[in-house]
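Here is a short briefing on a predicted model.

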Amino acid sequence: MLDITAIPALQDNYIWAIHDGLNAVVVDPGETAPVLKFLKAHGLHLDAILCTHRHADHIGGIAGLREVYNVPVYGRRHPDNPHITNDMREGDRLELAPPGVVFDIIEVPGHLDDHIAYIAPGMVFCGDVLFGAGCGRNFEGAPALLHHSLQRLAMLPDTTRVYCAHEYTAANLRFALACEPDNPEVQQRIAATDELRKANLPTLPSTIALEKKTNPFLRCTRPEIIRTLQQRGLTGASEPGVSELGVFTALREWRNRF
Ligand code: ZN
Ligand code: FE
């Protein structure tokens, strides 16, 4: 039986620990101390580190962990990420036994070029590409790259649990509501998110089904979103027959200054 636990780190990061009671792998350890504390508290041995992309808040704890556990670090190699021991590319398969999980790797550029996602039946670890009700910033590559990466994630089965690397859901939902004031699923999710945050619980994992109902970045063909953008006179959405990518780009730009 696999357990997946959120280890809060830094400001609003989650380091996900996948464990079976004895062995654990962690995803995106931005800090060392909270991971060591978690492993000790649960009597777990660390077997591997998975890395979605090279930002410091996702790799900052790797060196410290490897002083204690000399384990492989999986991820996409990049000159600015010296930690990767095993280069992962589109189509690669990663078998981790223990704790007994097999991941398929897809490349999801658009936040950063080296961003990959780890997919196993019923779960995806998507780093900073897809967030609860939002998406990552478009730091590298054209908006089309990020849009395409998100569409690939959206094609996963509806029941897939979405393990994002940040607790951004509440802020993202404020933007989602501005995009679609009359979407009842967004309103419900805001209420559910408030409850979880009041209890100091993570709002994640989410599901692909919930994201498709509430995440504006997965809803770029929705008339209400297009109407909102047109009313605000935002670029890309003013001309008739506006493209899905035009809507996505306008949403991402609006979100940057929301
Ligand atoms: Zn990032
Ligand atoms: Fe991040």
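β1 (3-9) and β2 (13-19) each give at least two residues to the lining of the second largest pocket.

**Second largest pocket**
- β1 provides three residues, the largest share of the lining.
- The lining counts 13 residues, and P8, Y14, R197, N200 and P202 lie nearest the centre.
- By class, seven lining residues are nonpolar, three polar and three charged.
- The space in this pocket is about 180 Å³.

**Largest pocket**
- The largest pocket holds about 240 Å³ of space.
- It is lined by 17 residues, with F131, C135, G136, R137 and Y168 closest to its centre.
- β12 (134-135), α5 (169-179) and α9 (244-256) are the elements that give two or more residues to this lining.
- The lining has six nonpolar, six polar and five charged residues.

**Iron site**
- Four residues coordinate the iron ion (ligand 2): D57 through OD, H58 through NE2, D128 through OD and H166 through NE2, at 2.1 to 2.3 Å.
- Along the chain, these donors follow the spacing D-H-x69-D-x37-H.
- Angles among the four donor atoms run from 82 to 168°, and the site is irregular.
- The zinc ion (ligand 1) is 3.3 Å from the iron ion (ligand 2), and D128 coordinates both.
- H58 in helix α2 (residues 56-59) and D128 in the loop between β10 (123-127) and β11 (130-131) are 70 residues apart, a pair that links distant parts of the chain.
- H58 and D128 are both buried.

Methods: Residues numbered from 1 in each chain as written. Chains lettered and ligands numbered in written order. Predicted model: local features only at pLDDT ≥ 70, side-chain atom pairs only at ≥ 80, totals over all residues. Heavy atoms only, no water. Donors = N, O, S within 2.8 Å, 3.2 Å for Na, K, Ca; no water. Tetrahedral: all angles 85-135°; square planar, octahedral: opposite > 155°, others 65-115°. Helix = DSSP H or I, 4+ residues; strand = E, 2+ residues; numbered from the N terminus. Buried < 20%, exposed > 50% of the residue type's maximum accessible area, 1.4 Å probe, protein only. 1 Å grid on protein atoms, 1.4 Å probe; cavity = no way out; pocket = protein on both sides within 12 Å on 5 of 7 lines; lining within 4 Å. Points joined across faces, edges and corners; volume = space filled by probe spheres on them. Nonpolar A, V, L, I, M, F, W, Y, C, P; charged D, E, K, R; others polar.
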